[in-house]
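Dear colleague,

Please find below the structure that I am handing over to you. I would be grateful if you could read the notes that follow with the structure open.

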Amino acid sequence: MISPLVAVTGASGAVGGRVAARLARTGVPVRLLGRDPSRLPRLPGAVLAPPAAYGDGEAMRRALDGAHTLFLVSAHESPGRVLEHTTAVDAAVAAGVERIVYVSFLGAAPDATFTFARDHWHTEAHVRMADVRHTFLRDSWYLAGLPAMTGTDGVLRGPGGDGRVSAVAHEDIADAASAVLLDEGSGHDGVTYDLTGPEAFTLAEAAEELSRISGRAVSYSPETREEAYASRARYGAEEWEVAGWVTSYEAIAAGELAAVSDAVPRLTGRPAESLAAYLRQNPDSWRHLLPHS
């Protein structure tokens, strides 16, 4: 019996790429979707769909024709992201897709502190209203983001207060997502999984862990909202994007990212990766903190 076709979006990115590779290794029929197919990975047995942007309903419908399941990684942040998502969902339903597994965000809610988490809630609401089986994977912050957001001066800055964050590894997200996608039963239908690490820690504790692993004094500087906007002004980003950056920290301060779930071990059969383990296994993530860098 031939396995149903899984369409994977975001395969040029950190989550979609890992999921696509895992599915391809199992021999499941995989179709990779992207705005620019030249950026998509070449994987054994995986087929590249014609160019399809989320906001182009007709192109998405053609790209999804014949697919059974859609793994929908959220589009790049933008003011029109919800419309892009809903257009893609509607195209999937029109193409006959029977199941959507959507990568959302921890604490998604219409009034979430993190502005981009509101986008995820509105997308979830649209999927719920569609005539399609669905599963939501609500990721916490990425573990990889903690060293990445620490400056070469050894300071992690942000208005996170003393709140806690249950950051999760990309590998754990991909393993959990693959487990859901490969299970054709109905057990995941209508289920929302919070994908988190094994513990929630403060940003000060994250800085301490970075100090331990790098041998460099790393500290956390809890900014005010005004300081956070001012320190990010140099990037020249648009106001909505800076608001997303700042409110992601404020969501930590508000306690909205502190939940710790057992979904990763339940879905993958092994413990979720801790920050200490991630840093040990990914020295390139904090190499910029070393004096000779």
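The notes below begin with the whole chain and then turn to single residues.

The structure is a predicted model, in which local features need pLDDT of at least 70 and side-chain atom pairs count only at pLDDT 80 or more, while totals for chains, interfaces and linings use all residues. Residues are numbered from 1 along each chain as its sequence is written, and side-chain values use heavy atoms, with hydrogens and water left out.

**Overall form**

The protein chain has 11 helices and 11 strands; helices (H or I, at least four residues) and strands (E, at least two) are DSSP runs, numbered from the N terminus. Its radius of gyration, taken over C-alpha atoms, is 19 Å, which agrees with the value near 19 Å for a compact globule of 293 residues. The rule for such a globule is 2.2 Å times the number of residues to the power 0.38. Along the principal axes, the C-alpha atoms fill a box of roughly 55 × 35 × 35 Å.

Of the 293 residues, 52% are buried. Buried means under 20% relative accessible area, exposed over 50%, and partly exposed in between (1.4 Å probe, protein chains only). The accessible surface comes to about 12700 Å², and carbon and sulfur atoms account for 52% of this surface; areas come from the Shrake-Rupley method with a 1.4 Å probe, and for residues only the protein chains shown count as cover.

Contact means heavy atoms within 4.5 Å. Among contacts between residues at least 6 apart in sequence, 74% join residues at least 24 apart.

**Nonpolar cores**

A nonpolar core is a set of buried Ala, Val, Leu, Ile, Met, Phe, Trp, Tyr and Cys residues joined through side-chain atoms within 4.5 Å. The largest one holds 59 residues, of which Val-8, Leu-32, Leu-64, Phe-71, Ile-100 and Leu-195 touch the most other members. Another core, of 31 residues, lies apart from it and includes Ala-109, Ala-117, Tyr-220 and Leu-289. Leaving aside neighbours within four places in sequence, Leu-64 is in contact with residues including Ala-7, Arg-31, Leu-33, Leu-70 and Val-97.

Leu-181 counts as buried because its relative accessibility is 2%. Asp-172 is likewise buried, with a relative accessible area of 2%. Beyond four places in sequence, the contacts of Leu-181 include Val-6, Val-19, Leu-23, Phe-71 and Val-101. With the same exclusion of residues up to four places away, Asp-172 touches Val-264, Thr-268, Arg-270, Ala-272 and Glu-273.

Thr-135 belongs to strand S6 (residues 133–139) and counts as buried because its relative accessibility is 0%. Thr-135 and Leu-181 are 46 residues apart in sequence, with their C-alpha atoms 9.5 Å apart. Again leaving aside neighbours within four places, Thr-135 is in contact with Ile-100, Val-101, Tyr-102, Val-180, His-188, Asp-189, Val-191 and Tyr-193.

**A loop residue**

Gly-96 lies in the loop between helix H3 (81–94) and strand S5 (99–105). At 41% relative accessibility, Gly-96 counts as partly exposed. Gly-96 and Ala-14 are 82 residues apart in sequence, and the distance between their C-alpha atoms is 27 Å.

With kind regards
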